[in-house]
Amino acid sequence: MALWARQVFRWYCPLKAAQIPRRLRDRSGTARACRGLVPLALLPSRNDVLVWGLQARRLVAVGSCSPPDSAKDGSLSPPESNLPSPVKQEQSKAETLPNLNAQILYEDWDDVPPSSALEEISEEEAIQIIAEPILPLQSSTLQDYVDHSETLAKLVHLGVNLSQVEKRQKAGQLLLTLDFEKDIRKILLFLKDVGVEDNQLGPFLTKNPYILGEDLEALETRVAYLKSKKIGKAEIAQMVSKAPYLLLFSVERLDNRLGFFKNELGLSVTKTKDLVIRLPRLLTGKLEPVKENLQVCRIELGFQPNEVQQIVFKTPKILTASKKRLKQTFDYLHNVMGIPHCMLTRFPQVFNSKLLRIKERHMFLKFLGRAQYDPAQPSYISLDQLVSLPDEVFCTEIAKASIQDFEKFLKTI
């Protein structure tokens, strides 16, 4: 600021010299006048400081602080006329000078000033712009996150159906929080060690994605428990494939389930193990439907406890079957076809067959006069043959008729 003030004083020394008395117009008087105050109207604006600074330097170099001749004669003229001609020329030139403030500002920048967002660019430049896909803040489908998540991309490559996974409660959120290398790879290696085939890993994780969030040590403990019950590795692999949620159950819960079936059905340890190997869903499903079906067999259908034990051991699915369908099938077999309880106990697989299939074949045999289900009588037809054989074999070997006759009969009923 001091330098700027000195420059201003030097610019206006001629003006002050013209306006002060003659007695002060010596060297010392001129110097004192130059140190006087400058009228505010004559002060330059801040935007012209740099331009006038150049003029001041030239004036100082030629000693232009002495008053002009017109002032010596005592004639006063407007301030503009008292300015030396070189100064006037410099002022006219200064009007055409560019804004030095903007030049200095741009010189301080390392790069060119940023272009405007509205600036037009060429087609070649537009092609070179690579826009990253925008990550959605929220979405109802995992597919929107596949391009942003390495974990989801690798699971899709593995065969996981994300459209099915996202239907399971909080399964999608779980996958988005996992890291493939850190969290998922070790679970995949564990499943392969258990016996799940490579081509089954995708379908398995589609059914049970929650296993990816389980602790590896806890999973290994559950497998060790099954092995302690004398269940082989191949059988464990079969159980895990049939019941994907099996390894989510703690050792205590698995032990309680095995104890329930052993005590409720009066089975031995070996038969209980065989029961859950053939139908591992018994260890993972709800127990209420199982208890209800056992009550139906004992009370409503009239089977004895030992008969219920045989039926369940031979056909475990009867414990998870529809209670309504179970009663309808029994009613037709026992009350319409006349099959006694002992025969139903010997062939309990008949309860797994469709009731319509049983009705159609029984009515066709009755039409032919061959509906005979007593093993003590000739032309005996077992319940197993009645429901398990294909239509062509049933017609030719059991009904002794053609398949065309059977189809014509079905149109009449």
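## Asp183 and its surroundings

D183 touches T177, L178 and L212, leaving aside residues up to four places away in sequence; contact here means heavy atoms within 4.5 Å. This is a predicted model, in which local features need pLDDT of at least 70, side-chain atom pairs count only at pLDDT 80 or more, and totals for chains, interfaces and linings use all residues. Residues are numbered from 1 along each chain as its sequence is written, and side-chain values use heavy atoms, with hydrogens and water left out.

D183 lies in helix α13, residues 180-194. D183 is buried (under 20% relative accessible area, 1.4 Å probe, protein chains only).

## Packing of α13 on α15

Helix α13 packs with helix α15 (residues 216-228) at an angle of about 10°, their axes being 11 Å apart. The two helices, α13 and α15, are therefore roughly parallel to each other (angles under 35 degrees). On the α13 side K186, I187, F190 and V194 meet L216, L219, E220 and V223 of α15.

## Helix α18

In helix α18, residues 269-278, the buried residues are T272, L275, V276 and I277. Their cover includes α16 (233-242), α17 (251-265), α19 (281-284) and α21 (305-314).

## The protein as a whole

The protein has 27 helices and zero strands (DSSP runs of H or I, at least four residues, and of E, at least two). Of its 413 residues, 36% count as buried.

Terms used. Buried means under 20% relative accessible area, exposed over 50%, partly exposed in between (1.4 Å probe, protein chains only). Lys and Arg count as positive and Asp and Glu as negative; His and the chain ends are not counted. A salt bridge is a side-chain nitrogen of Lys or Arg within 4 Å of a carboxyl oxygen of Asp or Glu. Axes are lines fitted to C-alpha atoms, for helices over the stretch in contact, and angles run from 0 to 180 degrees between N-to-C directions. Angles under 35 degrees count as roughly parallel, over 145 as roughly antiparallel, 65 to 115 as roughly perpendicular and the rest as oblique.
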